[in-house]
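Reader: Could you walk me through this structure slowly? I am still new to reading these.

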Amino acid sequence: PPEDGSSSAVPVWALAPNSCIVAPVDGRVQAGAPVEIWGWAWAADRVSAVDVSLDAGHTWAPAQVAPRSGHAWQKFTFAWTPAMVGEYVLACRATTSSGATQPLTPRRNRIYQRVIFVTQRNV
């Protein structure tokens with residue numbers, strides 16, 4: 001930092017990697033039925049990977065990430081068929097082409113989580 005105590009300037013477009021899950025929403029997922037988890041990822045650099053977790057970040061699996069067009073957000077998708085009824089904590093984390101990844105620590109771009117309750121499948 002500069003000697004006057006101010007922070008150094010960072011361009012507004014120098015965004016750290018971030019992502020969020022858009023779907024599915026709670027109450028719309030049934031055990032044994034395929035569902036697509038999808039959302040958006042963005043950063044100053046190209047997002048090269050998005051990982052999805054079904055257990056609050058204990059384990060991760062790679063999602064499919066759409067190519068970047070200009071500085072647009074990149075859509076990611078992950079196919080999932082929940083095996084059992086119950087509560088799941090879905091999470092996503094983006095990684096850029098330069099290697100920056102969303103942190104677990106409390107920051108503006110902290111790893112996003114969403115609670116989903118999977119119901120019994122209507123047969």
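Author: What follows goes from the chain as a whole to its sheet and then to a single residue. Please keep in mind that this is a predicted model.

Reader: Okay, how many helices and strands are there in the protein chain?

Author: The protein chain has eight strands and zero helices, so that, read from the N terminus, the elements run β-β-β-β-β-β-β-β.

Reader: And what share of the residues counts as buried?

Author: Of the 123 residues in the protein chain, 35% are counted as buried. The chain exposes about 7,500 Å², and carbon and sulfur atoms supply 56% of that area.

Reader: Switching to sheets, what is the order of the strands in the open sheet of four?

Author: The order is β4-β3-β7-β8, and the pairing is antiparallel. The edges are taken by β4 (61-62) and β8 (112-118), and because each has a single partner strand, one side of each is left without a neighbour in the sheet.

Reader: How many bridges join β3 to β4?

Author: Two bridges join β4 to strand β3, which covers residues 47-53, and D51 stands opposite P62 in β4.

Reader: Now T95, where is that, and is it buried or exposed?

Author: T95 lies in strand β7, which spans residues 86-96. Its relative accessible area is 17%, and because buried means under 20%, T95 counts as buried.

Reader: Which residues is T95 in contact with, if I leave aside its neighbours within four places in sequence?

Author: With those left aside, T95 is in contact with R46, V47, S48, A49, A100 and T101. With T101 there is also a polar contact of 3.1 Å between the two side chains.

Technical notes:
Residues numbered from 1 in each chain as written. Predicted model: local features only at pLDDT ≥ 70, side-chain atom pairs only at ≥ 80, totals over all residues. Heavy atoms only, no water. Buried < 20%, exposed > 50% of the residue type's maximum accessible area, 1.4 Å probe, protein only. Areas by Shrake-Rupley, 256 points an atom, 1.4 Å probe, with all protein chains shown as cover. Polar contact = N/O pair within 3.5 Å; in protein donor to acceptor, adjacent residues only side chain to side chain. Contact = heavy atoms within 4.5 Å. Pairing = 2+ DSSP bridges.
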